[in-house]
Amino acid sequence: MTNSWTDIKNTDLVIVMGGNAAEAHPCGFKWVTEAKAHRGAKLIVVDPRYTRTAAVSDYYAPIRPGSDIAFLMGVIRWCIENDKVQWEYVTNYTNASFLVKDEFGWSDGLFTGYDEEKRDYDKKSWDYKIGEDGFAEVDMTLQDPRCVWNLLKAHVDVYTPEFVENICGTPRDKFLAICEMIGECSAPDKVMTSMYALGWTQHSKGAQNIRGMAMLQLILGNIGMRGGGMNALRGHSNIQGLTDLGLMSNLIPGYLNIPTEKEPDWETYMSTRAFKPLRPNQTSYWQNYPKFMVSFMKAMWGDAATAENDWAYDYLPKLDVPTYDVLRMFDLMHHGRINLYFCQGFNPLLSFPDRAKLTRALSNLKLLVVMDPLETETAHFWENHGVYNDVDPAEIQTEVLELPTTCFAEDEGALVNSGRWLQWHWAGGTPPGEAKHDTWIMAGIQRRVRALYEAEGGVLPDPILNLTWDYADPFEPTPEELAKEMNGRALRTVPDPANEGAVLVEAGQQVKNFTQLQADGSTACGCWLYSGCWNEDGNNMARRDNTDPDETGAYLNWAWSWPVNRRILYNRASADMQGKPWAEDRPLIWWTGEKWEGYDVPDIGVTSKPGEVMPFIMNAEGTSRLFTRAMMRDGPFPTHMEPFESPLANVFNARMRGNPVSRMFEDDAQNLGSSDQFPFVATSYRLTEHFHYWTKHNPVNAALQPEFFVEISQELAAERGIVNGSRVRVWGKRGEVWAKALVTRRLQPMTCDGKTIHVVGIPLHWGFMGAAKKGWGPNSLTPYVGDANVETPEFKAFLVNIEPAAEEPVA
Ligand SMILES: Nc1nc2c(c(=O)[nH]1)N[C@H]1C(S)=C(S)[C@@H](COP(=O)(O)OP(=O)(O)OC[C@H]3O[C@@H](n4cnc5c(=O)[nH]c(N)nc54)[C@H](O)[C@@H]3O)O[C@H]1N2
Ligand SMILES: Nc1nc2c(c(=O)[nH]1)N[C@H]1C(S)=C(S)[C@@H](COP(=O)(O)OP(=O)(O)OC[C@H]3O[C@@H](n4cnc5c(=O)[nH]c(N)nc54)[C@H](O)[C@@H]3O)O[C@H]1N2
Ligand SMILES: [Mo]
């Protein structure tokens, strides 16, 4: 989230599109209710289904799964055409005025530089014109045909209301009514908040769905404002922490990158990171990258990381491909290229696409180790469950080891919520039986592997042997020790650069926050973004002061938020060029004439002069971006592209299937279904009564939602002769499942490109273990395809067929 859960109460308009917050985030959803009750805020829901969120909305519109970019580009077009633009914001705080190279363009649904063989773009032309002074050229009048604003206008021109209706199936009048409601939020003092989750991410162009809304929010001037922002509703309670701490295969904590093979040395690695500002006076805060990176290397390898050995840069692995995401990893396993798989807190047999492929992949392993508090289907993937599974256990040689772990309620530590708050919690229970903390298991493995390297040597033992491991009990680091390590400390006394002779931080002390980190090896910090969470003031994450002066929703003394306890990112953009808040009834920070102050930690140097230093200090531009340079793999602007399995061909290029640069492997490209065999659009989702695959183990949850069902409209039921409550078979290119049919008016057929589109809704909570009835969810059916930028599987739009089940299979 750019903002926080508690800030949603400040909004004028909530749009839930690409999520179902009342169902999947019922506690956080109370802030929407607050906004409605206290500010008269309105709620719009755009979803293929009439959901529990839609049930309390002011306006609902249906949309065909996988068509949100067309909708969002249509709204942007409408806003431009109807002058619903926050002009001062757009001109100064976005890159609207930046001039783009003449070579850049697009045709047939592709941007310049596409290489069909590589399924990738050469992004050289996706860049600004750079002037002789080394800065990007701009035209503040927005007249130049090559400025971002005019390119954007040209790009969205095709997304007329008719086009939107045709692609999305959203009736034109409903689309226009939503445009009107959104357009009101272009007034400088009116704000909309966007709440989204998997309805947007789980597509082969998921990241571009989100960019589409981010661009709209910038055009309305809603980023950095109280009650505004892009609010990703995170899933698992600590999934925000997962990404922050670099659990993605290409990241180091704090969104630093693992080097690639093309970066064999430190200098090459740094040359593309610590960017110089692209405009005069701008901050380009990533210029501090070396401070964060060197401090990280010192945290990892202490004295072994020196200036002479480039901070032990050689110890870091170098990626030969951009990522080892989960799709790639299981694909390698499928090709017999992986022997041992450590599966920690993950049940991929149920949660990843194409169960048949996953089963074959797991069958190729020599050893599978599962660390989990529960018995999972993944650990039992080799079992034959009759018609639900076609596995022959005798043929599978994989050895499976289960290591029982504790669960969150038995652990102490911090969980990071969607609003970036690190909230400390304390263990509430004693681990049962043989269950051990994950840290105990991992530390034990590290110690034993290290002992083997010490005794036997091996290829490059140094990163293992020299790893900092100064915990009081090396076999069980405590949550306190780990949190302090992430905060960082001074390894030797750091002088204050601003004050000759003064000391910034004494040797051995915790640093106050990341502004004290150094690039000369004098500080160590495990995660710069978390720096400040446990400093000399103590454990700031454990703070529980819920006073909220002026009722801004900031709660600055409750827990601790990254970065530096800031609650609203880009909050400098909540004030105009002179530093005066756009919304006088909801001020956030302001310029006193000498400095910035207000209700939040200013997202700008406190003495940075308004009108000079622009609000988006992380970007080399100083502004936000309506056009991105080489950042996104699939283009500087979002373009509508069909899902890989779709009843429609790509409208801009009928020869091209799906997103041309998505995550896709050879075998899987051959394993896609078409609409002549599989005429219905399926989507998958969760229910309040269950949490994924855990709660079916609990008899109470199992009783609330006992049985796997699929939802269809009355019209589809009539067409296929399906009776409410009867058994159906649902099948697609990669598998089949049996379920109970729930015939409902909450799903309605749509019309797209002259065709009737029926949606089959598939909730995901069942498997073959636990107290609920056996059944497979959607992932026997889903395609093995992922987003171009972040490799999230395309779970939300695929093709199936459905019929009354001839007989109920015996499971
Ligand atoms: N009770 C409960 N709560 C949970 C979870 C749980 O298992 N149980 N899981 C947690 C996790 S890990 C996550 S990630 C979150 C997920 O939170 P959400 O994303 O809110 O949940 P989903 O149910 O997956 O999907 C949301 C909605 O997207 C809609 N949708 C499908 N395709 C499209 C599309 O193309 N466009 C649009 N606009 N909408 C579409 C679906 O109809 C559905 O209503 O929930 C979290 N909360
Ligand atoms: N078709 C379709 N598929 C989907 C989705 C969808 O919308 N549609 N949603 C996707 C999403 S967003 C998600 S997040 C995934 C969820 O998929 P998974 O993460 O695979 O599902 P969970 O059941 O949450 O599995 C987590 C496991 O962690 C274990 N666990 C809990 N606490 C601890 C702990 O402290 N330590 C350890 N070691 N283990 C622990 C639980 O017992 C559980 O078995 O599913 C994805 N799959
Ligand atoms: Mo999730």
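## Nonpolar cores

The largest nonpolar core holds 80 residues, and Phe71, Trp149 and Ile182 have the most contacts inside it. A nonpolar core here is a set of buried Ala, Val, Leu, Ile, Met, Phe, Trp, Tyr and Cys residues joined through side-chain atoms within 4.5 Å. Buried means under 20% relative accessible area, exposed over 50%, and partly exposed in between, with a 1.4 Å probe and protein chains only. Helix α3 (residues 68-81) gives the most to this core, with 10 residues. A second, separate core has 53 residues, among them Leu327, Phe330, Val370 and Val710. In soluble globular proteins, nonpolar side chains tend to be buried together.

The model is predicted: local features need pLDDT of at least 70, side-chain atom pairs count only at pLDDT 80 or more, and totals for chains, interfaces and linings use all residues. Residues are numbered from 1 along each chain as its sequence is written, chains are lettered from A and ligands numbered from 1 in the order in which they are written, and side-chain values use heavy atoms, with hydrogens and water left out.

## Phe71 and Cys168

Leaving aside neighbours within four places in sequence, Phe71 is in contact (heavy atoms within 4.5 Å) with Met17, Val46, Ile63, Val164, Cys168, Thr170, Phe175 and Ile178. Cys168 lies in helix α6 (residues 161-168). Its relative accessible area is 0%, so Cys168 is buried. Not counting residues up to four places away in sequence, Cys168 touches Ile63, Arg64, Ser67, Ala70, Phe71, Met750 and Cys752. The C-alpha atoms of Cys168 and Thr751 are separated by 8.4 Å, although the two residues are 583 apart along the chain.

## Strands and pairing

The protein has 21 helices and 35 strands. Helices (H or I, at least four residues) and strands (E, at least two) are DSSP runs numbered from the N terminus, and two strands pair if DSSP finds at least two bridges between them.

Tyr341 has Leu368 of β13 as its bridge partner.

An open sheet of three strands runs in the order β15-β16-β23, with antiparallel pairing. β15 (413-416) and β23 (560-561) stand at the edges with a single partner strand each, so one side of each is left without a neighbour in the sheet. Gly413 has His425 of β16 as its bridge partner.

| Strand pair | Bridges | Direction |
|---|---|---|
| β12 and β13 (residues 367-372) | Five bridges | parallel |
| β15 and β16 (residues 421-425) | Four bridges | antiparallel |

## Whole chain

A compact globule of 811 residues would have a radius of gyration near 28 Å, and the protein agrees with this because its value is 27 Å. The radius is taken over C-alpha atoms, and the globule rule is 2.2 Å times the number of residues to the power 0.38. The C-alpha atoms fill a box of roughly 85 × 70 × 55 Å along the principal axes. Buried residues make up 58% of the 811 residues. Of the contacts with a separation of 6 or more, 71% are between residues 24 or more positions apart.

## Annotated domains

UniProt, in an unreviewed entry, lists residues 1-381 as "domain: Molybdopterin oxidoreductase". That span is 34% helix and 12% strand, with its end C-alpha atoms 36 Å apart. The unreviewed UniProt entry also places "domain: Molybdopterin dinucleotide-binding" at residues 681-798. Residues 681-798 are 11% helix and 32% strand, and the end C-alpha atoms are 6 Å apart. UniProt positions are in the numbering used here, feature names are shortened, and annotations may be inferred rather than shown by experiment.
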